[in-house]
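My entries follow in the order in which I looked things up.

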Amino acid sequence: MSEIERDEISGTSTTGHEWDGIKELNTPLPRWWLWTFYATIVWALVYSIAYPAWPLINSATSGVLGYSSRQDVVKEIADAAAAQSEWRDRIKANDLGQISQDPKLFDFARAGGAAAFKVNCVQCHGSGAAGGKGYPNLNDDDWLWGGTYEEIHKTLKSGIRYAADAETRISQMPAFGDGMLNPDEINSTAEFVLALSGQPHDAEAAAKGEPLYAANCVACHGERGQGLREAGGARLNDAIWLYGGDKAAIVAQITRPRQGVMPAWGHRLDDVTLKELAIYVYSLGGGETLQPQ
Ligand code: HEC
Ligand code: HEC
């Protein structure tokens with residue numbers, strides 16, 4: 001094909017391809033389109049030299065401008081920490097009572113406590129802190145160990161029956177089923193506990209249980225079942241139960257108590273976070289200003 005063939009009507013050269021009498025015209029791409037195309041190639045080259053672009057085996061080309069989104073994050077975290085450090089310093093320097101008197105500081109501490117609670121406490125106490133069987137509800141004003149700022153803080157710091165902490169709160173309800181009380185006596189004592197908590201009960205058995213309760217239980221649960229916080233003795237004369245308030249649950253507890261364990265957080269969390277958590281738990285609704293009883 002030495003001679004270029006031209007279309008008669010448009011005068012455009014053809015490519016020489018022909019199908020069923022239809023010839024393909026050799027129309028060049030529009031100029032503007034071509035230049036835009038070249039510009040994108042140049043842009044891509046410049047970009048991949050300036051910015052991180054090409055993946056390598058363990059990293060990527062870093063680009064001559066040294067841009068990195070990771071650095072941005074590092075800086076943002078540092079800025080946030082700097083913004084918080086002033087507040088955290090104040091939490092560190094003040095005691096819980098003082099923090100509670102300063103509304104802004106209190107709000108900051110409470111928010112920090114809420115965040116720490118989500119990470120460390122919800123597994124056992126539930127996302128709304130309402131607890132579950134064996135795990136106390138922290139929203140109410142029924143406290144095993146006390147609901148003042150100081151008492152809550154101590155519970156958090158050293159835990160409950162947490163063997164690895166020398167200061168931990170300890171109180172072991174004896175397993176009365178191991179020979180201290182026979183099944184009949186356990187039954188009577190349980191009936192008396194039902195009576196204390198205002199539930200339907202067998203009056204005759206409860207009358208037999210009363211002296212047994214006085215001899216074995218008063219030391220930790222109080223004469224009228226009002227509970228005794230120094231001993232972590234649960235209140236028995238209300239409708240709030242850690243392990244259930246029906247007859248079977250009470251018999252089970254007397255026979256073989258569970259002795260729940262709450263980890264000590266003083267080993268894992270810093271002072272400021274512990275204070276924030278105490279503020280948060282206190283503010284859930286059951287916080288107390290007076291010493292118990
Ligand atoms: C592994 C489970 C577990 C985790 C995690 C846990 N707790 Fe507890 N917590 C318990 C148990 C069990 C008790 C009740 C112990 C008892 O029988 O006296 C308890 C008791 C408490 C009490 C005492 C309540 C009272 O009535 O005196 C407070 C306050 C408390 N927890 C707060 C927290 C906070 C705040 C966190 C997170 C930092 C947390 N707990 C994490 C299991 C847990
Ligand atoms: C040395 C202290 C101590 C003595 C004595 C004791 N308890 Fe307890 N009791 C506790 C503690 C602490 C708890 C909290 C849960 C646990 O540790 O198992 C508890 C929990 C209970 C509960 C469960 C309360 C709930 O909310 O679910 C019942 C019921 C109970 N005790 C009944 C008795 C009876 C009845 C006696 C006497 C026969 C008795 N206790 C003697 C310390 C004691």
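This is a predicted model: local features need pLDDT of at least 70, side-chain atom pairs count only at pLDDT 80 or more; totals for chains, interfaces and linings use all residues.

Entry 1. I found a nitrogen atom of ligand 2 at 2.8 Å from an N or O atom in the side chain of H221. I then turned to the oxygen atoms of the ligand: one is 2.8 Å from a polar backbone atom of Y243, and an oxygen atom is 3.0 Å from a polar backbone atom of Q259. I noted that α7 (183-196), α9 (218-221) and α10 (247-255) are the elements that give two or more residues to the shell around ligand 2.

Entry 2. I looked up how many residues surround ligand 2 and recorded 24. The closest are R161, M173, C217, C220 and H221.

Entry 3. I next examined ligand 1. A nitrogen atom of ligand 1 lies 2.8 Å from a polar side-chain atom of H125. For L144, I recorded 2.7 Å between a polar backbone atom and an oxygen atom of ligand 1. For W145, a polar backbone atom is 2.8 Å from an oxygen atom of this ligand. The elements that give two or more residues to the shell around ligand 1 are α4 (103-120), α5 (122-125), α6 (149-158) and α11 (271-283).

Entry 4. Which residues are the closest to ligand 1? I listed C121, C124, H125, L144 and M262, out of 26 residues that surround the ligand. By class, I recorded 18 nonpolar, six polar and two charged residues in the shell around ligand 1.

How values were computed. Residues are numbered from 1 along each chain as its sequence is written. Chains are lettered from A and ligands numbered from 1 in the order in which they are written. Side-chain values use heavy atoms; hydrogens and water are left out. A residue is near a molecule or strand if one of its heavy atoms lies within 4 Å of it. A polar contact is a pair of N or O atoms within 3.5 Å; within protein, one must be able to donate a hydrogen and the other to accept it, and residues adjacent in sequence count only if both atoms are side-chain atoms. Helices (H or I, at least four residues) and strands (E, at least two) are DSSP runs, numbered from the N terminus. Ala, Val, Leu, Ile, Met, Phe, Trp, Tyr, Cys and Pro count as nonpolar, Asp, Glu, Lys and Arg as charged, and the others, Gly among them, as polar.
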